[in-house]
Amino acid sequence: MSLQLSEQELVRREKLTKLRVLGINPYPADLFPVNHLSDEIKNNYKEDKKVIIAGRLMAINIQGKASFAQLQDSAGRIQVYFNRDVLCEGEDKTMYNDVFKKLLDLGDFVGIEGDLFTTQVGEKTVRVTKFTLLSKALKPLPVPKTDREGNTYDGFTDPEMRYRQRYADLTVNPHVKEVFVKRTKLFTAMRNFFNEAGYFEVETPILQPIAGGAAARPFMTHHNSLDIPLYMRIANELYLKRLIVGGFDGVYEFSKNFRNEGMDRTHNPEFTAMEIYVAYKDYNWMMDFTEQLLEHCAIAVNGTSKSTFGEHKIDFKAPYKRVTMRQSIIDFTGFDIKGKTEDELRAAAKSMNIEVNDTMGVGKLIDEIFGEKCEGNYIQPTFITDYPKEMSPLCKEHRGDPSLTERFELMVCGKEIANAYSELNDPIDQRERFEEQLKLAAKGDDEAGEFIDNDFLRALEYGMPPTSGLGIGMDRLIMFLTNNPSIQEVLFFPQMKPENFETKKGPELSDNEKVIYDILIKEKSMELNTLKEQTGLSNKQWDKGIKSLGKLELTKVTKTDDVLTVDIL
RNA sequence: GAUUCAGUAGCUCAGCUGGUAGAGCACAUCCCUUUUAAGGAUGGGGUCCAGGGUUCGAACCCCUGCUGAAUCACCA
């Protein structure tokens, strides 16, 4: 089961044994007493200061009896200087001549003790007095090089390889690491904002008997000892509201959700949402809260509320524009949805060249019109408010218009990044809405819920205070904050088709090769065309077979005058 | 799901009209004590994604498949 090794991999394996012969353990167990990071050295530079650092060798530049190398640690890179006579004071120059020059490779982890100096070219450098191999790399890293102008050569850029081998991507591409540092800063900033507001971080089940709180196809699994199906969560809404029923004033959760749907550059089967529910508030309050939150987060991540996404410059500075869905549709189509019947809406949609079908109800039709004609126009953060009741089964009816709900979505660069309600807390209304969804589902609307969560309804019957809830797509938000158009760039390990690690056949012969070989082994030597005819192989199959047999040094083709002869070796 | 493009050395990529597979970096050996995309000399390294077809001959043309990307469709 060994994969075929490249020449470079074999060389590194040989170095491993040579190191062991010299008594050097290439994978020592000892703690290494690091006391500086590369950026600390550069920021608090003091001539001759003694430092102990560790990291990967990312560039080696040997010049005879002295050498330079780049050591990369978690904070960046620092140049280190190996001088033969500094490193090896006595007669024995093995550590420099053999261990450093011959047995170390790019990618190896080394620990270094040394003191600081500045080279003639002005680069802050660690003069190595002692080095320790901490871990040998057997596989060569793809090492891009960058010149003085910042042009990168041999970049490790193939997305497939970068996603599959994120460890190599992170090692070699500092800008990739930066995206994930920002991702974590975003989570921290949001968490701090909520905690300072006095809200409570909680955890709710990922394995659920009913996947509710959203309309999406769930992943199904099975619990053996209960012998029941379980679903992986598609949203955490219904569980968080149960906690508001239980008496918390504000609860929030960063929730990994799972949806068994299509994948593309903005959809991964598992993604992270944040949902927060706050008692005694409504969606107007939540809009204020949301714009404060996002301004805070943008500044925490990028140091400014401004951000660039592709061709767009966006600014998360509060307050954001607020437009009702009805007004938005009037603005972009001239059509007023107020009071229109399902048939009128369907006719209007058709006249706008929007694809519609009979399963679409009023809500869905309005949503299609909005999605098609309006959504994409909102580049700066904008709240779209007051959605039709039919498409918001968990949202409280609008206090001023019973056909609407108290709901808003926050649009940025034409995409939805947040969704919020004045939460429905009337248990009887809630049951009716669920039943309405069941009817829609039966009618064929695949976005309508198929189950009624009776336990959730029971919770509401005990009484839930008026509550406003907000959900934010964290992946999408971090895409906007780091200027990445692809969700795969902001997930460490985006979902991909499994890689095929099947081992190569090695010295075994393929079928074609066997046919040729079996005939030839009896005759020992044959004229080429006779042999070819006897095998009955096509030209292509013959060609491949005889070529690879030659490569394996099992046969040899010789030409005497005009006659080609094949011999067995 | 549809369309288009791509897959060649460890990495980034050339490869003309079908005619023995190339470069830079990396690697190996040697020279070089403050360099920085270090430099100089020499050398090794390939299942041209896989399978089939056409052809005297295929990395190249045709078909099928695999993998990925982009655009579109789908996706609160």
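Asp401 is buried, its relative accessible area being 15%, where buried stands for under 20%, exposed for over 50% and partly exposed for what lies in between (1.4 Å probe, protein chains only). The model is a predicted one, in which local features need pLDDT of at least 70 and side-chain atom pairs count only at pLDDT 80 or more, while totals for chains, interfaces and linings use all residues. Residues are numbered from 1 along each chain as its sequence is written, and side-chain values use heavy atoms, with hydrogens and water left out.

Asp401 forms a salt bridge with Lys338, with 3.4 Å between the closest N and O atoms; the term requires a side-chain nitrogen of Lys or Arg within 4 Å of a carboxyl oxygen of Asp or Glu. This pair links distant parts of the chain, 63 residues apart, since Asp401 belongs to strand β19 (residues 401-405) and Lys338 to the loop between α10 (325-333) and α11 (342-351). Lys338 is partly exposed at 46%.

By this rule the structure has 37 salt bridges. One of them joins the side chains of Glu270 and Lys256 at 2.8 Å, N to O, and again links distant parts of the chain, Glu270 lying in strand β13 (residues 270-279) and Lys256 in strand β12 (residues 250-258), 14 residues apart. Both partners are partly exposed, Glu270 at 26% and Lys256 at 36%.

Within helix α13 (residues 427-443), Lys439 and Glu436 are separated by about one helical turn because they are three residues apart, and their side chains meet in a salt bridge of 3.9 Å, N to O. Lys439 is exposed at 56%, whereas Glu436 is partly exposed at 37%.

Definitions and conventions
Chains are lettered from A and ligands numbered from 1 in the order in which they are written. Helices (H or I, at least four residues) and strands (E, at least two) are DSSP runs, numbered from the N terminus.
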